[in-house]
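What follows is an account of the charged side-chain pairs in a protein model. The sequence and structure come before the discussion.

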Amino acid sequence: MKALQYREIGSPPEVVEIDTPEPGPGEVRLKITAAGVCHSDEFIMSLDEEQYVYGLPLTLGHEGAGVVDKLGEGVSGLELGTSVAVYGPWGCGFCYACSQGHENYCENAADLGITPPGLGAPGAMAEYLIVDSSRHLVPLRDLDPVQNVSLTDAGLTPYHAIKNSLPKLVPGSTAVVIGAGGLGHVAIQMLRAVSPATVVALDVSDDKLQLAREVGAHHAFHSDDSAIDEVKALTGGLGATAVFDFVGIQATMTLGQAMIRVGGDQVHVGVGSGSLPVGMLDKPYEASVRSPYWGYRHELFEVLELARTGAVHVETEVFSLDEAPRAYEKLHAGELRGRAVIVP
Ligand code: NAD
Ligand code: ZN
């Protein structure tokens, strides 16, 4: 089968021919219908030899959807041909975290060597994908796989981040989204769908600010110090109730801290190298800082329901598997609108 692989540190990913995998006991093989391109792929491909821990060659793709194609020994309760999305942060299934569907925080994954597809295990940018357990499949039903595959990460990750701040996002609150790219443009729609907050988007690109407005941001400003005054002006000088940072570099984290209000939430989703001072003298009082990773298994069902009602959609640019390297070039250049999706 064809697959997009990262093969050599520092080199761009390549389309290669590899053996079609067979499902082992308990596993499920999907025929891939769509796979999403995430900035995290670019991040891991930017790491040097010492930092890179995902194995080579690595078939990319941690956002996957497909149809059930073949069942490994002992798998039952799944019908061939069923259209599914893949829950990516695989856990052991037995620990306390996994028992609650919090497989992204599995207590045993690291020790057992369990890694997500495309971030250690072979990923979804291929004609076929092996999923380790039917537990990690969520039925897509009527949802189009190409339009919705990215909800498995670009939807689930912001949803999880936002859900934990919902008690603070009351009427009169203000939520700031930094970075209106793949995750951020979905975050804006989710905030509009599940909260009464005023939604402010910040980005460095005019095109992304335009996209942010189109998908529901009440306000969109350039991501620089002037945004602090804009947010303060909108909030009677108090600042933002929550800042969701989908960039995570020092500049955006410092910016976020300068605009958060007393008791607010600063949530860092972007995998940048920024960090923050947190202490009694680092105002504001009672602000909380979180760095969430992906989301819970049941939350993916909730995200797909949001898509079903039409409240949330993903702006997609579609590429074939042969064109996949081009999708990464466009991501790197900041030229994608929403998410690139690979269709084998
Ligand atoms: P993307 O490239 O699609 O979007 C990034 C956006 O940030 C772009 O619109 C870009 O213009 C904007 N941006 C860049 N610099 C900025 C700045 N200084 N201020 C404001 N905006 C700026 O990326 P994506 O796929 O949406 O991923 C976003 C981040 O989230 C990445 O760092 C990715 O690795 C990370 N991520 C984290 C998790 C998690 O579980 N925590 C999951 C998925 C992705
Ligand atoms: Zn991702």
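A salt bridge here is a side-chain nitrogen of Lys or Arg within 4 Å of a carboxyl oxygen of Asp or Glu. By this criterion R337 forms a salt bridge with E315, with the closest N and O atoms 3.1 Å apart. The two residues sit in distant parts of the chain, 22 residues apart: R337 in the loop between α11 (324-332) and β16 (339-343), and E315 in the loop between α10 and β15 (316-320). R337 is partly exposed, at a relative accessible area of 32%.

The model is a predicted one. A search of the whole structure returns 17 salt bridges. Side chains of opposite charge can pair when their charged atoms come close.

Another of these contacts joins R135 and E103, whose closest N and O atoms are 2.7 Å apart. R135 belongs to the loop between β7 (128-131) and β8 (137-139), and E103 to the loop between α2 (96-99) and α3 (109-112), so the pair ties together parts that are 32 residues apart in sequence. E103 is buried, with a relative accessible area of 1%, whereas R135 is partly exposed at 25%.

R308 and D142 also meet through their side chains in a salt bridge, at 2.9 Å from N to O. This pair links distant parts of the chain, 166 residues apart: R308 is in helix α10 (residues 297-308), and D142 is in the loop between β8 and α4 (145-148). R308 counts as partly exposed at 21% relative accessibility, while D142 is exposed at 56%.

Salt bridges also occur as a network, which links E22, R29, D69 and K70.

Definitions and conventions:
Residues numbered from 1 in each chain as written. Chains lettered and ligands numbered in written order. Predicted model: local features only at pLDDT ≥ 70, side-chain atom pairs only at ≥ 80, totals over all residues. Heavy atoms only, no water. Helix = DSSP H or I, 4+ residues; strand = E, 2+ residues; numbered from the N terminus. Buried < 20%, exposed > 50% of the residue type's maximum accessible area, 1.4 Å probe, protein only.
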